[in-house]
Structures are given as C-alpha cells and as structure tokens.
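I wanted a quick look at which side chains hold on to which in this one.

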Amino acid sequence: MNSFLSNPEISTIAYTRTNDISFQYDGDLMDSFESEVGTPQGKHNLVLFHLMGQHIMAAERYPNDAFSYFTADSVRNNFPFINQQKREYIAHYDNATRYNDYILDRIISMFEDENTLLLYFSDHGDEVYDYRDRAGRQYGVLTSDLLKYQYDVPFMIWCSVTFQDKYPETVHKIKNAVKHPFMTDNVCNLLFGVAGVQTPYYRDTLDLLSPMYKCNERIINQKYRYEDIRYSLSE
C-alpha cells in the first residue's frame, strides 16, 4: 500500500496536497488536517486518511492518559494460555480500537454537512489471542481461523444526508450489497463506479455496487503454507 499511496513520483501527479510529516497519533493527523486544510472546497474531492489504527504495538496507538478505558481486569478471555501480561496486551488493543472509533467519528463529523460518501476499511487484521496463543501477524498453515482473524477486515460505507438525498439509487445499491463478500483489492472499481469515472480499467463485475458484480467463492486449501504461496507469487 505504501509503495503506491506514498510513492514520491506518483504523489506529485496524484495529489493536490499531502502532509509533510507523520504523526504519533491519528488524532494529531486530524488536528493538522482541520487546521491546515479544513473542508476541501473543490467541486470534486477525493480525500485519503491513511491511519495507524491499531497497527502493531497497540499501546503506542492511543494517548494513554486520555483514552485508557479498558484494563487487564476488563478482559474476559479465559483461554489456558492467557496470563496478566496478555490481558494487558488485549486491553491496549481494545483501547486502540476505541480510539480508532473516536477518529472515525471525527472524520464523519467533519464531512457530515457536505455531499459525502465515505469508505472505511483496514488493510489487514491482527490476531489478539483470539483462538490460539499468538498475537499480531504470524503466519502458518492457512486455516479458516487464521484467515478470519488476519484477513477478514471491517469495510464500511457511510453517506451524508446530502448524499442520500441527492443519490437515492446509490444508497439503495449500498443497502443491497451489505451481505455480499468483497475484496479490498477491488475498491478502485467501486470508486470508479460510484463517481462515474470513465476508464478502460473499470470492471463492473468487480464493482460491489454494480448489478453485474460477481461474488467469488473463497477457497481454502489447507495443504499450502503462507510461505509456499508467497514464494509462488514472487515467481
């Protein structure tokens, strides 16, 4: 993702403006955007917020003094391998998730009075002692549990009231697509379709909101390890 979103050469032709520095917390990024940019004034705008979210070392992803809500005592995970240190890890992840919700609310509030369609999704998931004694992204045999906790991610579409009033047909398509399986690889096709972008790269069969969208079946072959698949793809 970084190789495309933040590529120096691509950035000069893809974006009107980018932030010059990275921030310790996502709230700092929002403060910077609100003070330096505010609500974009162009007729057509695409705004990308590349958030840290809960990404690795969750204890460092939120201001501990103001957003420490969950503690080790809050954790109800009773697997035999859970100890006090792991309960604290889970609590940090829960706090980072709650902070991430706060950030998402700030973004929505910023654009709620505009003609806005917002997409939110994660690039990947993390295990947090969900079913085995592991946390983070640690690969192995591709099982349904590993895929669920590391690859199934939240994907949300939010529309402002102005957008809903102006494009009721699009809202209807979104509601009809709620239960459709989808891969974030194809977000570009969704954006092409909803924005009416005319391009030979658009594929309606990969556009979640298109009536031509095709839901592909997920196939899990447990005899292959992640390392084997990665090697095969690199070849």
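**Entry 1: what I'm looking at**

I'm working from a predicted model here, not an experimental one. I'm keeping that in mind for every distance below.

**Entry 2: salt bridges**

I started with the charged side chains. Side chains of opposite charge can pair when their charged atoms come close. How many salt bridges does the count come to? I get five.

I looked at E36 and R17 to begin with. Their side chains meet in a salt bridge, with N to O at 3.3 Å. I checked where the two sit: E36 is in helix α3 (residues 26-36), and R17 is in the loop between α2 (8-14) and α3. That puts them 19 residues apart, so I noted the pair as a link between distant parts of the chain. I also looked up the accessibility of R17, which is 52% in relative terms. The residue counts as exposed because the cut-off for that is over 50%.

Next I took E34 and R106. This salt bridge has an N to O distance of 2.6 Å. Is R106 buried or exposed? R106 is buried, at 14% relative accessible area. E34 is partly exposed, at 38%.

I then asked what else E34 and R106 are tied to. The two belong to a network of salt bridges that also takes in D31.

The last pair I opened was K86 with D133. Their side chains form a salt bridge at 2.6 Å, N to O. K86 sits in helix α5, while D133 lies in the loop between β2 (127-128) and β3 (135-136). They are 47 residues apart, another link between distant parts of the chain. K86 is buried, with 16% relative accessible area, whereas D133 is partly exposed at 42%.

**Entry 3: cysteines**

How many disulfides does the structure hold? I found zero. I wanted to know why, and went to the sulfurs. For C159 the closest cysteine sulfur is in C188, and at 19 Å that is too far for a bond. For C188 the closest one is in C215, at 17 Å, again too far. The cut-off for a disulfide is 2.5 Å between the sulfurs. I also noted that C159 is buried, with a relative accessible area of 11%, and that C188 is partly exposed at 36%.

**Entry 4: aromatic rings**

I counted ring pairs next, and the total comes to 13 aromatic pairs. I opened F67 with Y99. The ring centres are 4.8 Å apart and the planes stand at 70 degrees, so I filed the pair as edge-to-face. F67 is in helix α4 (residues 64-67) and Y99 in helix α5, 32 residues apart, and the pair links distant parts of the chain. Both F67 and Y99 are buried.

I compared that with Y131 and Y149. Here the centres are 5.4 Å apart and the planes are at 20 degrees, so this pair is stacked. Y131 is in the loop between β2 and β3, and Y149 is in helix α6 (residues 144-151), 18 residues apart. Y131 is partly exposed, at 23% relative accessible area, and Y149 is partly exposed at 23% too.

Which residues do ring pairs link into a cluster? I wrote down F79, F81, Y89 and Y129.

One charge over a ring went into the notes as well. The charged end of R98 sits over the ring of Y69, 4.0 Å from the ring centre.

**Entry 5: helix α9**

I finished with α9 (residues 187-195), where V187, N189 and L190 are buried. They cover an arc of only 160 degrees around the axis, so they lie on the same side of α9. What do the buried residues of α9 pack against? I found β1 (117-121) and β4 (155-159). Then I checked what follows α9: it is G196, with a positive phi near 70 degrees.

Conventions: Residues are numbered from 1 along each chain as its sequence is written. This is a predicted model: local features need pLDDT of at least 70, side-chain atom pairs count only at pLDDT 80 or more; totals for chains, interfaces and linings use all residues. Side-chain values use heavy atoms; hydrogens and water are left out. A salt bridge is a side-chain nitrogen of Lys or Arg within 4 Å of a carboxyl oxygen of Asp or Glu. Helices (H or I, at least four residues) and strands (E, at least two) are DSSP runs, numbered from the N terminus. Buried means under 20% relative accessible area, exposed over 50%, partly exposed in between (1.4 Å probe, protein chains only). Rings of Phe, Tyr and Trp (its six-membered ring) pair if their centres lie within 6.5 Å; planes under 30 degrees apart count as stacked, over 60 as edge-to-face and the rest as tilted. A charge sits over a ring if NZ of Lys or CZ of Arg is within 6 Å of the ring centre and within 35 degrees of the ring normal. The arc is that of the directions from the helix axis to the C-beta atoms. Contact means heavy atoms within 4.5 Å.
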